[in-house]
Amino acid sequence: MRKPFVGGNWKMNLDAAAARTLADELARTVAADGLDGFCDIAIFPPFVYIPAVLGVLRDRPSGIMLGAQDLWPGPAGAFTGEVSAAMLIDCGATVVLTGHSERRHVIGESDELINRKARAGLDAGLSVILCIGETLDQRTAGRTNQVNERQLRAGLAGVKPDQLVRLTIAYEPVWAIGTGKNATPADAQDAHAHCRAVLTSLFGNAAAASIRVQYGGSVKASNAAELFAQPDIDGGLIGGASLKADEFLGIVKAAAASSQAK
C-alpha cells in the first residue's frame, strides 16, 4: 500500500506575510483532522520564504513537510543565484523538486542536469520529487509514453536502490499545467501505469510497486477524488490550487480518502 503524497508548489508567488498565513491555515487543519496519518503533505515556498514557513511549521506541528522548488547539484562554488542541497537542509527543507516542466521548458534544463540535481538531493539525504511529462505537440504526435520513458531513464540514471525510499515521481503533462485542462482519469492512469512499467524495468517489481507517482496538471478539489481513485495515481503535485488553503485542503482530503478506500 502506497501512502498518497500531495505537494503544494507555490512557485514564484506570495510575500512573507502571505506565506506564513497560508502555512498556518494548512497546519491548523491538517493537525486538527489528523490528515497526515493518511496522506503525506509537503509545501514548496519560494527559497526566500523557507525560513518563515519553517517557523510556522515548528510552532504548529502538523506533519507537513517543508520543501524547496529546486537545487544546484554542486556543494558550493561560483554559481550565482543557486542553492545547494546542504543549504536547503540547513534552512529546514527535507524534500526538493527536480525537473519541473518550467525548469525544463522555460529555463531550458537538460535531462543530464536534472539527473545531476536528483542525485545530489538523494545523496545529501533529501527526499526528491522527479517531475516528468510531455508537451502538447508530443502528446498530439502520440509520443507521451516515449517522452516519459526517456525522462525517467535519464533522470534516474545512477540512482541507488537504497535511495528509492526517498524518491517520488510526478507525472505532469505540460499542456495541462495552469491551463484549466487536465488529462482524463483514464488517460492519467495509462501514463502512470507506463511509468511504473519503466520503473519495474529499472529497479524490479517490488521497488516499482513502492515508488509513488503523483499526478500534476490542473488538479482541483472538484476532480481530485476521481484522479486519486486510479490504481497507479498516488496523490498530486499541485500548483495554482495550492495557493488557496480551502482548495488545497480539499485535495489533501481527497487523497486521504483514497488511501482509506484503496
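Which helix gives the most to the lining of the largest pocket? In this predicted model, that element is helix 4, residues 101–107, with four lining residues. The protein chain holds 11 helices and eight strands. Its radius of gyration is 17 Å, close to the 18 Å given by the globule rule for 262 residues, so the chain is as compact as a globular protein of that length.

**Overall dimensions and packing**

- The C-alpha trace of the protein chain spans about 45 × 45 × 35 Å along its principal axes.
- Of the 262 residues in the chain, 53% count as buried.
- Contacts between residues at least 6 apart in sequence are made up, to 75%, of pairs at least 24 apart.
- The accessible surface of the protein chain amounts to about 10,900 Å², and 54% of this area belongs to carbon and sulfur atoms.

**Largest pocket**

- Rolling a probe the size of a water molecule over the atoms shows where empty space is left.
- The largest pocket contains about 370 Å³ of space.
- Its lining is formed by 13 residues, and those closest to the pocket centre are K11, M12, F47, Q69 and R103.
- Sorted by class, this lining has six nonpolar, three polar and four charged residues.
- K11, one of the residues closest to the centre of the largest pocket, is placed in the loop between strand 1 (5–9) and helix 1 (16–33).
- The backbone of K11 has a positive phi of about 50°, although K11 is not a glycine.
- Most residues other than glycine have a negative phi.

**Second largest pocket**

- The second largest pocket contains about 270 Å³ of space.
- It has 18 lining residues, with G178, S218, V219, G239 and G240 nearest its centre.
- By class, the lining of the second largest pocket comprises five nonpolar, 10 polar and three charged residues.
- S218, among the residues nearest the centre of this pocket, sits in the loop between strand 7 (212–215) and helix 10 (221–228).
- S218 has a relative accessibility of 16% and therefore counts as buried, the cut-off being under 20%.
- S218 is not a glycine, yet it has a positive phi of about 55°.

**Q151 in helix 7**

- Q151 belongs to helix 7, which covers residues 144–155.
- Is Q151 buried or exposed? Q151 counts as buried because its relative accessibility is 3%, with buried meaning under 20%.
- Leaving aside residues up to four places away in sequence, Q151 touches R104, D111, I132 and G133.
- Among these contacts of Q151 is R104, whose number falls within helix 4 (residues 101–107).
- E112 and Q151 are 39 residues apart in sequence, and their C-alpha atoms are 9.5 Å apart in space.

**D59 in helix 2**

- D59 is placed in helix 2, which runs over residues 50–59.
- With a relative accessible area of 68%, D59 is exposed, a class that begins over 50%.
- D24 and D59 lie 35 residues apart along the chain, and their C-alpha atoms are separated by 9.1 Å.

How values were computed. Residues numbered from 1 in each chain as written. Predicted model: local features only at pLDDT ≥ 70, side-chain atom pairs only at ≥ 80, totals over all residues. Heavy atoms only, no water. 1 Å grid on protein atoms, 1.4 Å probe; cavity = no way out; pocket = protein on both sides within 12 Å on 5 of 7 lines; lining within 4 Å. Points joined across faces, edges and corners; volume = space filled by probe spheres on them. Helix = DSSP H or I, 4+ residues; strand = E, 2+ residues; numbered from the N terminus. Nonpolar A, V, L, I, M, F, W, Y, C, P; charged D, E, K, R; others polar. Rg over C-alpha atoms; globule rule 2.2 N^0.38 Å. Buried < 20%, exposed > 50% of the residue type's maximum accessible area, 1.4 Å probe, protein only. Contact = heavy atoms within 4.5 Å. Areas by Shrake-Rupley, 256 points an atom, 1.4 Å probe, with all protein chains shown as cover.
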